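This report describes how two chains meet and then turns to a single residue. The structure comes first, and the text follows.

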Amino acid sequence: MGPFEYLWLTVFFFFILIAFVRGYHRELGATTLIFVALFLTTYFGVPKLPAIINQLYRETFHISLSQRTIEHIMASGLSVIFIAIIFASYAGDTFSFKGKPAKGFTGFLYNLLVGAMNGYLVAGALWYFQDYYRYPVTDFQILQLPLTTTGEHIANFLPPYVVPPIFWAVLVGVMLIFRVRK
Amino acid sequence: MSGNTADLQANILFWIIIALFAWQGYQRGLWAELVKFGFIITGYLSGTPEYLGKTLVKLVNNITFAIQFLIHGGAAAIITGNFNATTLNKIFTEIKRLPPPIPKENAEMAMFLAMIFLIIIGYLVSTLLKKDKMPGMGLVVGALNGYILSVIFLPLLPDKPPFTFEDLSFEGIIKQLGELFGYLIARLIDALAALFNFMFDTFGAWAIPILLFAIVIITLASLTRGKKKGGSQSSSGGGS
């Protein structure tokens, strides 16, 4: 496999393409659910889930989980939950915003901005689940470490590292106010 | 030789910009172009240190200083009436340690960004205005806008032409087009990197939350509401 960050860059560009195909007014609906997913995972999942999982396991099997096993469960579990929410935001009758989107160059720019934002949030969050739990995926030889210098630099700016968890809730609030305005 | 080519390219670009803006002015009409003109002039004044630039930077720094004063105990001192020399001295000692949001080394970049920001806002506001019945006057003011923008931005171009087509064979043109595309992408990345560096210098860890918030607000606000038909609002909901 190539450098670790290439996979995440592909996801990032993929979301830009999706934004151009669907239009940014629909993508903003997906953005709302991405914010919800980020809030749930960073506010509740990351700080509280390890203790709950460990407690449940200890009470069931009377032994504690090793640190690395917890890291595997957390990284995979949070990624699955996150991907499930993102999938739900795109499947079936989707959540989108009222109104006509801008056209021409302005519309192009907004599609690009929203696509880049969604790409950064999704690719960044999935990368964060790996980075925070010391890259469990590398134990399966799926991807290689160490990160390149660029990769290490990008990893400092993954969404949950630079945005406080409560800020995701603020953004969800803002989105909902715009969604329900008359 | 390359200097002459650069001059020629700059001259061609100068007339292309004027023609484009004149055409846009003809389509949009007088009022939209006048609004754009106002924003361009304000942007130019804000981006020039001798006119409004330095004042703008001072204003931002002083407003931040005032906010920091209130946050670091000033507001509490005013409310409680505990407004004595010791309290003030303590507050000022504390906030003097904080760096200004726009330090001297970033002042020029901040002025330039303020100018770009105002020009973009002018363009966006002008698109909201309805087309009027004075296309001729719109053409004139549009050309004037193009002229001012050329005067502002063309001197920023490099003295040497950054790229020339030398091999005019089919393969050569394809190869050089690829190189030109790579060159433009590299310059775009440089410009974005400079912008992000400026943002991180100014806002620190809050740069990304502020950026996300700005994108969300700008794009949501851009969704114009459709005309009501029989009491129901037009909605684009559903379907991926």
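## Leu112 of chain A

A residue counts as buried under 20% relative accessible area, as exposed over 50%, and as partly exposed in between (1.4 Å probe, protein chains only). Leu112(A) has a relative accessible area of 32%, so Leu112(A) is partly exposed.

Leu112(A) belongs to helix α4 of chain A, residues 104-132; helices are DSSP runs (H or I, at least four residues), numbered from the N terminus. Leaving out residues up to four places away in sequence, Leu112(A) touches Ile16(A) and Phe20(A), where contact means heavy atoms within 4.5 Å. Phe14(A) is 98 residues from Leu112(A) in sequence, and their C-alpha atoms are 11 Å apart in space.

## Basis of the model

The model is predicted: local features need pLDDT of at least 70 and side-chain atom pairs pLDDT 80 or more, while totals for chains, interfaces and linings use all residues. Residues are numbered from 1 along each chain as its sequence is written, chains are lettered from A and ligands numbered from 1 in the order written, and side-chain values use heavy atoms, without hydrogens and water.

## Where chain B meets chain A

In chain B, 29 residues are in contact with 36 residues of chain A. The two chains bury about 2,900 Å² between them, 69% of it on carbon and sulfur atoms; buried area is the accessible area (1.4 Å probe) that two parts lose on being put together, summed over both.

On the side of chain B that touches chain A, α5 (107-128) and α8 (207-221) of chain B each supply at least two residues. The most comes from α8(B), with eleven residues.
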